[in-house]
Amino acid sequence: MEALGGNCAFWGWKLPEIRNTKRPFPSKSKSSDSSAESTGSRGYRFPLKQAVTASSLALTGDTIAQLSSHWRKRKDSISGSSDTSKDIMPSVISDHDWLRALRMTSYGFLLYGPGSYAWYKYLDHCLPHQTPQNIMLKVLLNQIVLGPCVIGVVFAWNNLWLGKLSELPDKYQKDALPTLFYGFRFWIPVSLLNFWVVPLQARVAFMSVGSIFWNFYLSSTMSQ
């Protein structure tokens, strides 16, 4: 595994050098001190752009999935009516699960956006060259590491909001592996494009757009 060895020296981290300044005890009244503390002593910056992108696209995907599901159910229930569209739209909007929408939006903002961006940065640090071997290794690692993590976290996040953490082991046992294996057929080609042609800054957005179609596809196929 030379590809993972050269640039990822876990035991080779160097602490940042502390430069001597004329004032060894800086004034506490400066706003820069508080801002440095808010980002962390090691200079961590929350990836706000990626978090907002992931949350907005998660909201979009959930909205499409909910509207399509409600539309099919209402259309089937009043299939004999001549005024179908006018009867369906008010009920579709009124039945929208806003708590579910907030749940998915917060998941994208707090978890998926920052987490996946950190993961893609780590892969680019370990495998910086765009060789066919590195691209295929990134796709493989994305499926066997990030894929199970995303499924595990989104199931746990969903059950936490629903107050059903005690049912989480059964949820994992019943749905985790089928969802993971079923998703390989969709996410492997998407991941290949993601690592091959999409720059690092846009990868979270690209995968979040893929999630819109994935959620819509699951909602459509699972309800049949």
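Visitor: What do the side chains of aspartate 124 and arginine 203 meet in?
Guide: Aspartate 124 and arginine 203 form a salt bridge, 2.9 Å from N to O. That term stands for a Lys or Arg side-chain nitrogen within 4 Å of an Asp or Glu carboxyl oxygen. The partners belong to distant parts of the chain, with aspartate 124 in helix H5 and arginine 203 in helix H8, 79 residues apart. Helices here are DSSP runs (H or I, at least four residues; strands are E, at least two), numbered from the N terminus.

Visitor: Before we go on, what kind of model is this?
Guide: It is a predicted one, where local features need pLDDT of at least 70 and side-chain atom pairs count only at pLDDT 80 or more, while totals for chains, interfaces and linings use all residues. Residues are numbered from 1 along each chain as its sequence is written, and side-chain values use heavy atoms, with hydrogens and water left out.

Visitor: Back to arginine 203. Buried or exposed?
Guide: Buried, because its relative accessible area is 4%. The cut-offs are under 20% for buried, over 50% for exposed and partly exposed in between (1.4 Å probe, protein chains only).

Visitor: And which residues are linked with Asp124 in a network?
Guide: Lys138 and Arg203 join Asp124 in a network of salt bridges. Lysine 138 meets aspartate 124 at 2.7 Å, N to O. Since lysine 138 is in helix H6 and aspartate 124 in helix H5, that pair ties together parts 14 residues apart in sequence. Lysine 138 counts as buried too, because its relative accessibility is 1%.

Visitor: How many salt bridges does the structure hold?
Guide: Four. One of them joins aspartate 62 and arginine 100, at 2.5 Å from N to O. Aspartate 62 sits in helix H3 (residues 48-77) and arginine 100 in helix H5, so this pair ties together parts 38 residues apart in sequence. Aspartate 62 is buried, at 5% relative accessible area, and arginine 100 is partly exposed, at 29%.

Visitor: What is tyrosine 112 in contact with, leaving aside neighbours within four places in sequence?
Guide: With those neighbours set aside, tyrosine 112 is in contact (heavy atoms within 4.5 Å) with Ala54, Tyr107, Tyr117, Tyr120, Val150, Met207 and Ser208.

Visitor: How far is valine 204 from tyrosine 112, in sequence and in space?
Guide: They are 92 residues apart in sequence and 8.5 Å apart in space, C-alpha to C-alpha. Valine 204 is in helix H8 and is buried, with 1% relative accessible area. Beyond neighbours within four places in sequence, its contacts are Gln50, Ala54, Gly113, Ser116, Tyr117 and Tyr120.

Visitor: Now the outside. Which residues form a nonpolar patch on the surface?
Guide: Met136, Leu192, Leu193, Trp196 and Val197, with about 510 Å² of accessible area together. Patches take residues with over 30% relative accessible area and no salt bridge, joining like charges within 9 Å and nonpolar side chains (Val, Leu, Ile, Met, Phe, Trp, Tyr) within 5 Å. Areas are from the Shrake-Rupley method with a 1.4 Å probe; for residues, only the protein chains shown count as cover.

Visitor: Which helix gives the most to the patch?
Guide: Helix H7 (residues 168-197), with four residues. Methionine 136 belongs to helix H6 (residues 132-162) and is partly exposed, at 49% relative accessibility.

Visitor: Last one: how many helices and strands in the chain?
Guide: Eight helices and zero strands. Buried residues make up 31% of the 224 residues. Among contacts with a separation of 6 or more, 73% are between residues 24 or more positions apart.
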